[in-house]
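Here's a quick briefing to read alongside the model. Have the sequence and the 3D view open before you start.

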Amino acid sequence: MAAEGRVMGRRFFLTLVIGISAGFSFAYILLTSTGFSRDTAWHNYRESARDFEKHPIAAIGEHSPDEPAHRDEDRSVADELYKKVRVLCWVMTQPKSHESKAKHVKATWGKRCNKIIFMSTEEDPNLPSIKLPVEEGRNNLWGKTKAAFRYVYEHHRREADWFMKADDDTYVVVENLRYMLADYDTQDPIYFGCRFKHFSPQGYMSGGAGYILSRAALDRFVNKGLPNPTLCRGDDNGAEDAEMGKCLDKIGVRAMDSRDELKRGRFFPFTPNDHLFPNQDKNFWYWNYIFYPTDEGLDCCSDHAVSFHYINPHLMYVLDYLIYHLRPYGIKHGSGTLPKILAGSNSTTKEIEQR
């Protein structure tokens with residue numbers, strides 16, 4: 001009986017292999033005979049993969065901290081900065097994007113903010129999201145931005161030192177954001193982001209790359225700018241980031257240089273791929289708007305980059321894996337110059353010196 005079972009098993013396996021081979025052969029003949037090329041198939045796949053509303057993905061989730069790959073990870077500096085540089089992140093979203101985009105922000109970089117709030121025009125207890133008193137639509141993004149910052153100020157201003165606005169297709173390395181902000185005074189009216197030219201003497205920050213206000217800047221925006229339509233546009237229309245830049249300039253909030261010590265950018269309005277291999281057409285709008293000179297290739301971007309834009313949910317998880325999980329074995333990474341805010345902490349200093 002055992003020998004007969006083995007013979008039956010081999011026959012089944014052989015039949016399976018022949019069936020699969022025949023299937024692939026038939027598919028190949030069908031594709032080539034109809035002129036349906038591999039390039040066409042790949043193009044169609046990419047287009048369908050972009051439609052996350054028709055093909056939603058589940059939240060992948062985080063590795064357990066008990067996994068062997070993470071037991072030797074030293075997060076002491078990042079953990080200290082988490083306590084000392086508190087960042088509230090609010091994410092601009094819309095009802096149709098709660099499931100397809102916003103929940104993936106929550107599952108990836110959003111959980112590393114000290115507090116995260118999703119701003120929409122509908123309340124969603126599953127996300128959750130805040131319902132803002134503004135009509136939905138691209139023409140009302142300025143209105144949503146004003147209402148969101150007002151909500152943050154009225155309900156959460158004491159829970160953070162810095163207040164960041166991001167889109168639901170922005171990816172943020174929050175640890176690098178804290179590192180950049182660590183030695184600035186949140187009582188100074190300042191803000192950071194990807195700085196563009198135009199619209200005001202000091203320019204403005206890209207909305208897609210995200211921008212972050214100090215506590216003093218938030219206070220001025222809500223209490224000095226919003227009540228005065230001569231300082232901040234009173235209706236809900238207009239380009240959100242440009243209107244914010246004009247308003248903050250008029251109320252004395254300074255646009256800061258967010259580049260690193262090597263003059264490489266930290267906030268980016270496109271994907272990493274688009275900055276490593278940029279559009280070479282010098283008539284492309286970006287070259288007319290970017291405030292500081294920028295290099296191509298690996299010199300485009302800081303080793304402590306903060307944000308990228310146009311990041312779809314799949315890429316959010318890819319970035320999470322590459323940044324927080326993939327490690328070349330045997331290489332120990334430094335943390336950069338220790339922020340002054342941590343220099344007075346004896347325990348942290350000793351830990352750094354012992355590495």
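This is a predicted model: local features need pLDDT of at least 70, side-chain atom pairs count only at pLDDT 80 or more; totals for chains, interfaces and linings use all residues.

Contact here means heavy atoms within 4.5 Å. Residues are numbered from 1 along each chain as its sequence is written, and side-chain values use heavy atoms, with hydrogens and water left out.

**Helix 5**

- Helix 5 covers residues 141-156, and its 16 residues reach 21 Å from first C-alpha to last. That is close to the expected 22 Å, the expected span being 1.5 Å times one less than the number of residues.
- Helix 5 is largely enclosed by the rest of the structure, because 12 of its 16 residues are buried. Buried stands for under 20% relative accessible area, exposed for over 50%, and partly exposed for anything in between (1.4 Å probe, protein chains only).
- Among the buried residues of this helix are Leu141, Trp142, Phe149, Val152 and Tyr153. Lys144, Lys146 and His156 are also on the buried list.
- The cover over those buried residues includes strand 1 (87-92), strand 2 (115-120), strand 4 (162-167) and strand 9 (211-214). Helix 7 (215-225) and helix 8 (240-250) are part of the cover too.

- Some background first: most residues other than glycine have a negative phi, and most peptide bonds are trans.
- The peptide bond from Leu127 to Pro128 is cis, with omega near -10°. Pro128 sits in the loop between strand 2 and strand 3 (129-131).
- Phe199 isn't a glycine, yet its phi is positive, near 70°. You'll find Phe199 in the loop between strand 7 (195-196) and strand 8 (204-205), and it is partly exposed at 47% relative accessible area.
- Lys263 is another non-glycine with a positive phi, about 65°. Look for Lys263 in the loop between strand 10 (254-255) and helix 9 (272-276), where it is exposed at 52%.

**Salt bridges**

- How many salt bridges does the structure hold? There are 18, counting a side-chain nitrogen of Lys or Arg within 4 Å of a carboxyl oxygen of Asp or Glu.
- Lys165 pairs with Glu240, their closest N and O atoms being 3.3 Å apart. This pair links distant parts of the chain, with Lys165 in strand 4 and Glu240 in helix 8, 75 residues apart. Lys165 is buried at 0% relative accessible area, and Glu240 counts as buried at 9%.
- Arg233 pairs with Glu243 at 3.4 Å between the closest N and O atoms. Arg233 is in the loop between helix 7 and helix 8 and Glu243 is in helix 8, 10 residues apart. Arg233 is partly exposed at 33%, whereas Glu243 is buried at 9%.
- Arg233 and Glu243 also belong to a salt-bridge network with Asp235 and Lys246.
- Asp303 and Arg264 meet through their side chains at 3.6 Å, N to O. Asp303 lies in the loop between helix 10 (285-289) and strand 11 (307-308) and Arg264 in the loop between strand 10 and helix 9, so the pair ties together parts 39 residues apart in sequence. Asp303 is exposed at 63%, while Arg264 is buried at 13%.

Note on methods:
Helices (H or I, at least four residues) and strands (E, at least two) are DSSP runs, numbered from the N terminus.
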